[in-house]
Every structure is written in C-alpha cells, then in structure tokens.
Amino acid sequence: HRMFVSVLDRVGAPIKEQLLTQNSPEITFPVGQASEASVSSQLPSFFGFIKLGVEHIGTGYDHLLFLFALLLVTKNFRSSVAVITFFTLAHSVTLAGATFNLVNLSPRITEPLIAATIVYVGLENIWRKGDPHGRWALTFCFGLVHGFGFASVLREMGVGGHAGGVAMPLLGFNIGVELGQLAVAAILLPLIWKLRVNPLFVSRIVPACSVGVVALGGYWLVQRLWG
C-alpha cells in the first residue's frame, strides 16, 4: 500500500508532502521549519511517483495488451510514433482531469471500458487485415479511457482528494508511465519490424495474435462486468 500525505498549516499551505510506502512508513517535520521540511521531501517523493508509474505500466497487463495490439500492425517508425504520441496525449489529458477533480468516472465504468477497447482494437486488426491507416484517431479516443485507469492509482493514494499539491505526483507518475511505455515499445518494435518482412507474419501471425488479444480482452470484459 502507498499513501501520499500532505501536512498543511492553518491557512492550507503545504508544510510537507511525502509518499509513504512499506519501506518509508513515517513522515516527520520540525515545527517552525516548515519550508525546509517541504523542500527536503519533494525530490524523493517525485522519484517515488516516477517509480510508481513505471511499476504500474509494467504490471498493468490490460494497458500493455492494448499497446501491444496497437503496435502489432505498425509498419514503420512514423506510424509507431503516431500511435505512442496520441495515446500519451490522450491519457495525459484524462489523468490530469481526474486527478484535479475536473472529471471523474467510477472504476466500475472505466475498467470494463478499458477491456472493451482491447477487444475492439484486436477485432480491427483482423478485419482491416493489419492496415493501421487512421489509427491515431482511434488511439486518442481510447487513450482517454485508459487515462481514467491511470488516475485511479493516484486517487486511491489520496492525490487530488485534499488541498495538498497535485502537480508533483501527477508529473512524476506520468513520466513513469511514459518511460514504461517507451521501454515496452523499444523491445517490441524492432522485433515486429523485423518479422514483418516475412509475408507469413502479416498473413498468419498478426491475425493469430489479434485473436488472442480479443480473447483475453473479452475475458477481462466479462470478468469486470459480472465478476
């Protein structure tokens, strides 16, 4: 369990903000030296949220499967950059909006929707026969949904639910998510591009992988709706 703690003074200004974890379960600050204590806590907490973002994308199998389904049909560097860029822009928008309490959707809605986006992308890979033309628009729309899933991690820790700072946790977590996505893309894309020179990969392997994506996404969809 992790919790983001903000200690505020009488006028609501943050005295100290810190990410509490199993390895760092306490927060202390000297009375009368609030500003110094606050400054000393920012850097460790910032890197803590970066680490949290990397861990979340590394263990967020639904987000990883969605990204895999998108990258599976990319033909070159340009199309891959478009997919990653629009996915990043979209989930950053809703991640920020939900964290700042500008918009909020229940996980009971967003989690099934995330699974549905996975099913749709897998099906589209099949019926469009691996042609990703115009995929950027779809990626952006579905990325908005995934942003709510990312935001739930911060909301569960109390970020945005009080008068404390939001910008530092939001920025650190988002950077971590992007680093995790780029690491996955750096591993997958060279392999996919190398395999695409084989016609068998495009005609057989891509559809087979897409069927697997649909099956797993469908399982999550049923589980999240009626589980």
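This is a predicted model: local features need pLDDT of at least 70, side-chain atom pairs count only at pLDDT 80 or more; totals for chains, interfaces and linings use all residues.
**Exercise 1.** Work out what T94 touches beyond its neighbours within four places in sequence, and find the backbone oxygen that lies 2.8 Å from a polar atom of its side chain.

*Solution.* 
Step 1. With neighbours within four places in sequence set aside, the contacts of T94 are G143, L144, G147 and F148.
Step 2. The backbone oxygen in question belongs to L144.

**Exercise 2.** Describe the largest nonpolar core and state which element gives the largest share of it.

*Solution.* 
Step 1. This core has 23 residues, and F66, L71, I118 and V121 have the most contacts inside it.
Step 2. Two or more residues each come from helix 2 (61-71), helix 3, helix 4 (107-127), helix 5 (135-156), helix 6 (167-195) and helix 7 (199-226).
Step 3. Helix 2 gives the largest share, six residues.
Step 4. Take L71 as an example: not counting residues up to four places away in sequence, L71 touches V83, I84, A185, L188, L189 and I192.
Step 5. A second, separate core has 22 residues, among them I57, A98, A151 and V159.

**Exercise 3.** Characterise the largest pocket by its space and its lining.

*Solution.* 
Step 1. The space in the largest pocket is about 310 Å³.
Step 2. Its lining has 14 residues; R2, L19, T21, N23 and K51 lie nearest the centre.
Step 3. Helix 1 gives the most to this lining, six residues, and strand 2 (14-20) supplies at least two.
Step 4. By class, the lining has three nonpolar, eight polar and three charged residues.

Definitions and conventions:
Residues are numbered from 1 along each chain as its sequence is written. Side-chain values use heavy atoms; hydrogens and water are left out. A polar contact is a pair of N or O atoms within 3.5 Å; within protein, one must be able to donate a hydrogen and the other to accept it, and residues adjacent in sequence count only if both atoms are side-chain atoms. Contact means heavy atoms within 4.5 Å. A nonpolar core is a set of buried Ala, Val, Leu, Ile, Met, Phe, Trp, Tyr and Cys residues joined through side-chain atoms within 4.5 Å. Buried means under 20% relative accessible area, exposed over 50%, partly exposed in between (1.4 Å probe, protein chains only). Helices (H or I, at least four residues) and strands (E, at least two) are DSSP runs, numbered from the N terminus. On a 1 Å grid over the protein atoms alone, a cavity is a set of points where a 1.4 Å probe fits but cannot get out, and a pocket is an open set with protein on both sides within 12 Å along at least five of seven lines; lining residues have an atom within 4 Å of a point. Grid points are joined across faces, edges and corners, and a volume is the space filled by probe spheres set on the points. Ala, Val, Leu, Ile, Met, Phe, Trp, Tyr, Cys and Pro count as nonpolar, Asp, Glu, Lys and Arg as charged, and the others, Gly among them, as polar.
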